[in-house]
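This report walks through one chain for a reader who has not seen it before. Please look over the sequence and the fold first, then read on.

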Amino acid sequence: MKERIFRRGAHGGHEPAENDQLAPQSKFKPEPRAVADEVNSSAIIIPCPTCKEPLYVKELENNLHVCPKCGAHLRLNARQRLTYTVDEASFVEWDTDVRPTDPLGFAIGNDGYATKLSASQKKTTETEAMITGRGTINGTPAAIAIADFTFMGATMGSVYGEKIARAAERATRERLALITFNASGGARMQEGLFSLMQMAKTTAAVARLGDAGLPHIAVLTDPCYGGVTASYATVADVMLAEPGARIGFAGKTLIEQNMRQKLPDDVQTADFQLKHGMIDEVVHRRDLRQVLGALLALYGTPRMLIAPPLDEATLPGARAAEPVLSAAHA
Ligand SMILES: [Zn+2]
């Protein structure tokens, strides 16, 4: 097949490459911050990405990857998030057989999407940047979806979106709350229009969850940008964020360049978004399990436990369960 070349920016997406090693064309530039796989390397001591103090990796792990000196919340991969938040051994993963494909034959020079996918899968041992399943938090069951920033910057492609949509649909059928842990650089440019379609698909799926009287609780973690912020992640019933998380659509520098004016230094931080009404609370990582457990209990008792399971066909706006996109269902 003739090699096709796609240029960044054709669809307005912006994808920070994993480990913050940014492609030269990238418009979204997260500040350097240690990510899970770096922390998991063989190093015994690493500098805190925020206060630069030397930290023992062991001590960091025992402190949920929160810097004991300055309180910076370092990024977690999906499995670490699972360990820190979901009750031990309660998680049953869904849709592990839905794997990404390369629908556009995307390549820049010799750097093909298929190669990049395969390298990310090998590095993270995940098949995609999103894992979903059912687990309990403080004893209350919920559908749980966790983005993994170490996998291609947790960009939302067709499989990422498909897994979110399926998780919302299963939550609706099984009368579970949906908790999403979100971090993303936006739409996955290598899947072009297929990525953008996920915004509508995921938003529609969580809307049907809401129509069935079930809550969606979103936790925004660092960094949460682009098509994820602009779709399902910010239409939740309750929106929480971790301290210091940066949350926005386009990056600050890009906005400043377009508006030709300086933005406040703290723009797009969790505290800024709280102050301006975009999120409901900033929650320290050590408190997250308790807060989510309390929210599940508050939402769950009257609606999820008493109301009978709904027939999917009778749900408002019900549609056939077939996936909309070309995620690799085969
Ligand atoms: Zn620190």
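Leucine 220 has alanine 241, in S11, as its bridge partner. The strands that hold such bridges, like the helices, are DSSP runs numbered from the N terminus, with at least four residues (H or I) for a helix and at least two (E) for a strand. Two strands pair if DSSP finds at least two bridges between them. S10 and strand S11 (residues 238-241) run parallel and are joined by four bridges.

The model is predicted: local features need pLDDT of at least 70, side-chain atom pairs count only at pLDDT 80 or more, and totals for chains, interfaces and linings use all residues. Residues are numbered from 1 along each chain as its sequence is written.

**The chain as a whole**

The chain has ten helices and twelve strands. Of its 330 residues, 44% count as buried. A residue is buried if 20 or more other C-beta atoms lie within 10 Å of its own, exposed if 12 or fewer, and partly exposed in between, with C-beta atoms placed from the backbone. Two residues are in contact if their C-beta atoms, placed in that way, lie within 7 Å. Among contacts between residues at least 6 apart in sequence, 71% join residues at least 24 apart.

**The sheet**

Seven strands form an open sheet with mixed pairing, in the order S4-S7-S8-S9-S10-S11-S12. S4 and strand S12 (281-282) stand at the edges with a single partner strand each, so one side of each has no neighbour in the sheet.

| Strands | Sense | Bridges |
|---|---|---|
| S7 and S8 | antiparallel | eight bridges |
| S8 and S9 | parallel | five bridges |
| S10 and S11 | parallel | four bridges |

Isoleucine 146 of S8 stands opposite isoleucine 131, and its bridge partner in S9 is phenylalanine 181. Isoleucine 144 stands opposite isoleucine 179 in S9.

S8 is mostly covered, with seven of its eight residues buried. In S9, eight of eight residues are buried. Ala177, Ile179, Phe181 and Ala183 point one way from S9, while Leu178, Thr180, Asn182 and Ser184 point the other way. Helix H3 lies across S7, S8 and strand S9 (177-184), and runs at about 155° to S8; this angle is taken between N-to-C directions on a scale from 0 to 180 degrees, with axes as lines fitted to C-alpha atoms, for helices over the stretch in contact.

**The core and its helices**

A nonpolar core is a set of buried Ala, Val, Leu, Ile, Met, Phe, Trp, Tyr and Cys residues joined through C-beta atoms within 7 Å. The largest one has 62 residues, and those with the most contacts inside it include Ala142, Ile164, Leu178 and Leu220. Helix H5 (residues 158-174) supplies the largest share of this core, seven residues. Beyond its neighbours within four places in sequence, leucine 178 is in contact with residues that include Ala142, Ala168, Val206 and His216.

The axes of H5 and helix H6 (residues 192-211) come within 9 Å and cross at roughly 10°. H5 is therefore roughly parallel to H6, the term used for angles under 35 degrees. Among the residues making the contact are Ile164 and Ala168 of H5 and Val206 and Leu209 of H6.

Which of the residues of helix H8 (residues 252-259) are buried? The number buried is zero of eight, so H8 lies largely in the open.

Most residues other than glycine have a negative phi, and most peptide bonds are trans. Some places in the chain depart from this pattern.

Alanine 89 has a positive phi of about 60°. It is found in the loop between helix H3 (78-85) and strand S4 (92-94), and is exposed, with 8 other C-beta atoms within 10 Å.

Asparagine 138 takes a positive phi near 50° in the hairpin of S7 and S8, which has two residues between the strands. Asparagine 138 counts as partly exposed, with 16 C-beta neighbours inside 10 Å.

A cis peptide bond, with omega about -15°, joins aspartate 222 and proline 223. Proline 223 is found in strand S10 (residues 216-224).

Key:
Angles under 35 degrees count as roughly parallel, over 145 as roughly antiparallel, 65 to 115 as roughly perpendicular and the rest as oblique.
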